[in-house]
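Hi there,

Here is the structure I promised to pass on. Have a look at it first, and then read on for what turned up.

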Amino acid sequence: MAYVATRGGERAIAQSERLYREGLGPIDRDRVAAVADALPWLVDRVMGEASLYEPELAALALAQTGGDLYEAVLLLRAWRTTQPRLAIARPVTQDRLFTHRRISAAFKDIPGGQILGPTLDYSHRILATEVLEGRPLTPAPVQKADRPAPPHHPSLAAWQKAQGLVADPAPEEVAPEAIPDLTREPLLFPAPRAHRLQGLARADSGGVLALGYSAMRGHGNAHPTVNELRLAEAELRVPHPRGTVFSAGRVKVSQAEVAAKEGGTRIRLGFAATLGWNEVKVIAAATLDLNAPGAAKGTPTEEEFFLYHTEPVEASGFCIHFKLPHYVTFQSALDAMRDANARKTQPPADPLLRCENTLGGSGGRSAPGAPHAPAHPAKETTE
Amino acid sequence: MTALGELTRPWQAMSYGFLDPSAKREMRRAMLKAVAVPGCQIPYASREVPMARGWGTGGLQVTLTLVNPGSVVKVIDQGADDSVNAVSIRQFVQKVAGARGTWDTQEATILQSRHRIPEEKLREDQILVLQVPNPEPLRPVQPNMSLARQMHADADYGRLWLVLYEQVVRSGRIMQGASYPALVNGRHVMTPSPIPRWDLPKLDMARHLTLLSAGREKRIFAVPPFTRVQPLAFDDIPFRVEDHASLVCHRSGVAGFFMNEIPQPDGSARHELSDSHFGIKAIRRSEGEAVEIGETWYRNGAVT
């Protein structure tokens, strides 16, 4: 069977996966624990993009993929989507967040105070090469403040609303099961606010940064001021079947509110939040949210544009799909190109006449050769 | 008394066919809508599956929803059953659904395909699932999904004809290769997915159901059995399939079907049947085996 012998797809794909996994070696509990301990910020980033808060599973995904972030996020998403919904937690308000870090660039000091919390913001970024010479980088112990910072802080926007600086629309009462869910419904435009914020929450950090940064550089209409940035833990308050509400634990969350002047009399806010601590992402995402109202179609700050193009699983998957064979599509284009080239060598006067002349003909299959591109490539529909 | 254990199934790591029942229910509703409005793109949530987006996740979700333990599943990529990604998809469906895999078009009950429709005619009891990278025929003239949706609602397709007209003016003929836009049931223009033009007439008034699903773009559409599928063309410049009618497969000697062109070191090219298992059957038959080859859509290089 000469025809079949030339093909070895099934064996080849099995071996190529083995080759990849051989490079990573065995994955055991110890390696997962080491990833979780050593790379908490990476685990947070992956949990945010996967929209699944489970540090151990996120560490497993990172270990299993050797740190290929898009592969890790896909693993977690594919696992997450099959899991049942056990309960819908109660909404979390800002003043109930157990806050580790909270800063505002809009005022020198704010009610509740500026809490620096853990950050590398003011560190000197010097690579600790001494570690490689055998001298470990042992952090100096933190000196406790005289008074512990309060665990809960009011939102700055609440003060601004009281001052009449920020619009204060009445909260919309939505039944828990009626909350729009991007993972169970298609995304259509204009998107419900819930879908936009969910899309940004699980967006690719790098993608959101690229588009958010384009807005910051001037491809948006509003310059963001960080009104309030928080790294916090949110309590998961879940209704018990008996009717009581209990805490099922806490999840790390980040949120950013960015502000811009609106029409000279008011402040407009952009908001974003995500699971895990990821400051760059929420500031960039809040900047997109801030710039979205009224943005022109097809610009980076327009909701459809940024939600479609910052979706990490879709974007990365489509990018790598170009490795798949496309030879049928290519063959289909070659045919028309050769025919068009053959026509060019013997062009009748009228272009429309040219087509009619060959309608019944063989189509002039010319010798293989590089077809020369027209000065302006003709547009084709799809692909 | 009934014990709780008798009412529930034992715990399993995943649902039958991977997708959970709520995902399948949503898929079925979207599929029914798609069948009810032929060619109209129906949005769906599109769950993540254990495969990268753009690698057939839309087709896979349809197949996983349709499949049952009695199904016989054929998966092809570019016409080939043993293309790496087709193998991967078929193995996954077999693993999570216990369905049997096949290479034989005649034998399959569900055929998932990327970029080709088999050369043998499909029957009423077969379903063709086409993987769709971009479900929107209007994308080149309107990249925003929301605006394109409005254009479909208005049957505003003038700019697609303009694209084809521009090709005629620039190149002397319609240059559209694969993904040739077609009017379905006289109402919605669809992209048939990047199948070659050769395969498009196979959808017109076909006996089988075709489901087209784009997982990344979250749209599903359908060509129900016995539905008109008309390629966009002009009265004086009709639709033309690829000039493959006279090409001969160098492996099987068969002529009159869509071919892959294989460049040769001496500057020439050889051709082989793109529908690889159709080719295998032709070779087997020529070697004297009793192989059943179904009726084909094309005969002597022309649509029958």
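How many of the 11 residues of helix 7 (residues 276-286) of chain B are buried? Please keep in mind that this is a predicted model. The count is eight, so helix 7 of chain B is largely enclosed by the rest of the structure. The buried ones are Ser276(B), His277(B), Phe278(B), Gly279(B), Ile280(B), Lys281(B), Ala282(B) and Ile283(B). Just after this helix comes Gly288(B), which has a positive phi of about 100 degrees.

Two other residues of chain B are worth a look for their backbone angles. Ser179(B) is not a glycine, yet its phi is positive, at about 55 degrees. You will find Ser179(B) in the loop between helix 6 (158-171) and strand 6 (182-184) of chain B. With 27 other C-beta atoms within 10 Å, Ser179(B) is buried. Met205(B), also a residue other than glycine, has a positive phi near 55 degrees. Its place is the loop between strand 7 (188-190) and strand 8 (209-214) of chain B.

Now to where the chains meet. In chain A, 57 residues are in contact with 71 residues of chain B. Several helices of chain A each supply at least two residues of the side that touches chain B, including helix 2 (9-24), helix 6 (69-80) and helix 14 (351-358). The largest share of that side, 11 residues, comes from helix 13 of chain A. By class, the residues on the side of chain A that touches chain B are 26 nonpolar, 14 polar and 17 charged.

Helix 3 (residues 29-38) and helix 5 (residues 55-65) of chain A pack at an angle of about 110 degrees, their axes 8 Å apart. These two helices are therefore roughly perpendicular to each other. From helix 3 of chain A, Arg31(A), Val32(A), Val35(A) and Ala36(A) take part, meeting residues of helix 5 of chain A that include Pro55(A), Glu56(A) and Leu60(A). This contact has eight nonpolar, no polar and two charged residues.

In the other pair, helix 4 (residues 40-50) and helix 6 of chain A have axes 9 Å apart and pack at an angle of about 50 degrees. Helix 4 and helix 6 of chain A are therefore oblique to each other, and helix 4 passes helix 6 in a right-handed crossing. Val46(A), Glu49(A) and Ala50(A) in helix 4 of chain A meet residues of helix 6 of chain A, among them Leu69(A), Val73(A) and Arg77(A).

Phe189(A) and Pro190(A) are joined by a cis peptide bond, with omega about 0 degrees, and Pro190(A) sits in the loop between helix 7 (156-162) and helix 8 (193-201) of chain A. Ala315(A) lies in helix 12 of chain A and counts as buried, with 20 C-beta neighbours inside 10 Å. Leaving aside residues up to four places away in sequence, Ala315(A) touches Asp204(A), Gly207(A) and His309(A).

Best wishes

Key:
Residues are numbered from 1 along each chain as its sequence is written. Chains are lettered from A and ligands numbered from 1 in the order in which they are written. This is a predicted model: local features need pLDDT of at least 70, side-chain atom pairs count only at pLDDT 80 or more; totals for chains, interfaces and linings use all residues. Two residues are in contact if their C-beta atoms, placed from the backbone, lie within 7 Å. Helices (H or I, at least four residues) and strands (E, at least two) are DSSP runs, numbered from the N terminus. Ala, Val, Leu, Ile, Met, Phe, Trp, Tyr, Cys and Pro count as nonpolar, Asp, Glu, Lys and Arg as charged, and the others, Gly among them, as polar. Axes are lines fitted to C-alpha atoms, for helices over the stretch in contact, and angles run from 0 to 180 degrees between N-to-C directions. Angles under 35 degrees count as roughly parallel, over 145 as roughly antiparallel, 65 to 115 as roughly perpendicular and the rest as oblique. A crossing is left-handed if the near helix is turned anticlockwise from the far one by less than a right angle, and right-handed if clockwise. A residue is buried if 20 or more other C-beta atoms lie within 10 Å of its own, exposed if 12 or fewer, and partly exposed in between; C-beta atoms are placed from the backbone.
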